[in-house]
Number of protein chains: 2
Amino acid sequence: MKRHETKQKLLKAGIDQVSALGLSGVTIGRLAEVSGLSKSGLFAHFRSKEQLQIDLLDETVRAAERVVLKPAMQAPAGLPRLLALAGLWFGWSRRAGLSGGCPVAAALFELDDIESDVRDHALQLEAEWRAVLGRLVREAVAAGHLSADTDVEQFIWELCGIYLSHHASSRFIRDKSADARAAHAVDALVRRYRAAPAPDETQPET
Amino acid sequence: MKRHETKQKLLKAGIDQVSALGLSGVTIGRLAEVSGLSKSGLFAHFRSKEQLQIDLLDETVRAAERVVLKPAMQAPAGLPRLLALAGLWFGWSRRAGLSGGCPVAAALFELDDIESDVRDHALQLEAEWRAVLGRLVREAVAAGHLSADTDVEQFIWELCGIYLSHHASSRFIRDKSADARAAHAVDALVRRYRAAPAPDETQPET
């Protein structure tokens with residue numbers, strides 16, 4: 001097998017382990033075990049445990065781009081695209097074929113008090129994701145779907161809370177109503193920031 | 001030192017470690033190291049790693065009862081008590097003297113895909129906490145502060161999302177606006193379910 005293909009297989013197996021066990025649960029030793037490679041073979045692909053974890057976070061982002069961002073961008077710009085993204089984001093790890101939850105969501109709680117290059121990298125990825133959300137919210141404002149005075153940062157902050165509550169209720173509590181609860185919360189958030197309808201939308205023609 | 005006092009000291013050191021490192025970061029070996037006791041000495045207090053983790057979750061709950069629930073119950077029943085609880089809950093681990101974040105919040109993401117007695121215990125504690133929140137929301141409905149048709153479960157679900165977003169933004173992102181964002185979100189949630197004011201509150205006396 002070519003070197004590149006081997007690395008791809010290792011990353012795929014690795015993010016599956018991260019999704020179930022968290023970043024600290026994935027070590028070069030454990031990945032060597034499931035891949036049948038030697039530890040030194042693994043070190044040829046990942047210089048250190050930290051580099052392995054950073055590469056696995058990047059692989060997570062690529063998976064999320066594939067099953068969340070790319071299909072969401074097919075929806076028309078504005079509120080339809082923002083809502084498409086939310087729908088694809090919530091519960092995305094299952095649709096990406098991972099056996100556990102979202103590796104980045106887990107990292108937010110796993111790495112909050114541990115200073116490391118891995119933490120710094122996760123922080124950067126989180127900022128990039130919030131920038132994507134911000135762009136979509138601003139598009140919805142520009143399209144006149146959300147009010148011109150929408151507090152974009154507050155919108156994103158609350159949307160991330162809905163995501164985290166959905167993650168906890170669907171994956172930890174295994175509550176079957178998680179999808180409906182999340183949809184209701186997103187709907188209420190959008191209503192709060194919804195632009196007032198133009199006069200000709202409120203006045204029925206008589 | 002008496003046996004009971006030793007155990008108390010171990011639990012206190014233990015939840016501090018959990019708050020920084022997560023449940024999987026606390027082992028009998030590491031706790032033995034920081035406490036200066038032998039591993040076999042530790043086993044006299046905790047039969048297994050799982051029992052240690054369960055005891056640490058229970059100790060977390062006792063700490064939260066002390067710095068969140070008990071002071072919140074001093075506020076008048078209804079919305080004042082519910083808002084007092086939210087204010088004391090968000091960021092409580094710091095006020096409890098823990099060096100890291102909320103051990104239960106971290107457990108929601110750490111244990112979601114790992115079947116164990118520890119997971120079952122965390123699930124039970126989470127359900128008990130949601131029951132406390134439910135009681136306070138229902139008190140606010142009974143007092144006429146929240147609307148009679150308030151969806152209590154949805155209210156709790158969204159409040160937990162605000163808590164998790166506050167945890168991620170204050171502890172992981174270290175965003176100084178986390179408290180203000182959370183307060184704004186709670187205010188919007190309460191407004192949505194606020195009871196319509198009685199007629200004599202809306203009609204100014206003329």
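Predicted model: local features only at pLDDT ≥ 70, side-chain atom pairs only at ≥ 80, totals over all residues.
Q: What makes chain A a chain of helices in its secondary structure?
A: The assignment gives chain A 11 helices and zero strands. Read along the sequence, the pattern is accordingly α-α-α-α-α-α-α-α-α-α-α. The C-alpha trace of chain A spans about 80 × 35 × 30 Å along its principal axes.

Q: What share of chain A is buried, and what share of its contacts with a separation of 6 or more joins residues 24 or more positions apart?
A: Of the 206 residues in chain A, 40% are buried. Among contacts with a separation of 6 or more, 60% link residues 24 or more positions apart.

Q: Why is A:L82 called buried?
A: A residue counts as buried when 20 or more other C-beta atoms lie within 10 Å of its own. A:L82 has 26 such atoms within 10 Å, and A:L82 is therefore buried. This residue is located in helix α5 of chain A, which covers residues 79-89.

Q: Which residues does A:L82 touch, leaving aside those up to four places away in sequence?
A: The partners are A:L136, A:V137 and A:A140. For A:V137, which is 55 residues from A:L82 along the chain, the C-alpha separation is 6.7 Å.

Q: What makes up the contact between α1(A) and α2(A)?
A: From α1(A) come A:L10, A:A13, A:G14 and A:Q17, and from α2(A) come A:R30, A:L31, A:V34 and A:S35. By class, this contact has four nonpolar, three polar and one charged residues.

Q: Why are α10(A) and α9(B) called roughly perpendicular?
A: Helix α10 (residues 178-193) of chain A packs with α9(B) at an angle of about 75°, their axes being 10 Å apart. That angle falls in the range of 65 to 115 degrees, so the two helices are roughly perpendicular to each other. The contact involves A:R181, A:H184 and A:A185 of α10(A), together with B:Q154, B:W157, B:E158 and B:G161 of α9(B). Its classes are two nonpolar, three polar and two charged residues.

Q: What makes up the side of chain B that touches chain A?
A: In the interface, 34 residues of chain B are in contact with 34 residues of chain A. On the chain B side, α7 (103-110), α8 (117-142), α9 (152-172) and α10 (178-193) each supply at least two residues. The most comes from α9(B), with 12 residues. By class, this side has 16 nonpolar, 10 polar and eight charged residues.

Q: How do you know that the two copies are related as by a two-fold rotation axis?
A: A rotation of 180° with 0.0 Å of shift along its axis superposes chain B on chain A, with an RMSD of 0.0 Å. The two copies are thus related as by a two-fold rotation axis. The same surface serves both copies, as 100% of the contact residues of chain B recur in chain A.

Q: Which residue of chain B comes closest to the rotation axis?
A: B:G161 does, with its C-alpha at 2.2 Å. B:G161 also takes part in the contact of α9(B) with α10(A).

Technical notes: Residues numbered from 1 in each chain as written. Chains lettered and ligands numbered in written order. Helix = DSSP H or I, 4+ residues; strand = E, 2+ residues; numbered from the N terminus. Buried ≥ 20, exposed ≤ 12 C-beta atoms within 10 Å, placed from the backbone. Contact = placed C-beta atoms within 7 Å. Nonpolar A, V, L, I, M, F, W, Y, C, P; charged D, E, K, R; others polar. Least-squares fit on C-alpha atoms with pLDDT ≥ 70 in both. Axes fitted to C-alpha atoms, helices over the stretch in contact; angles between N-to-C directions. Parallel < 35°, antiparallel > 145°, perpendicular 65-115°, else oblique.
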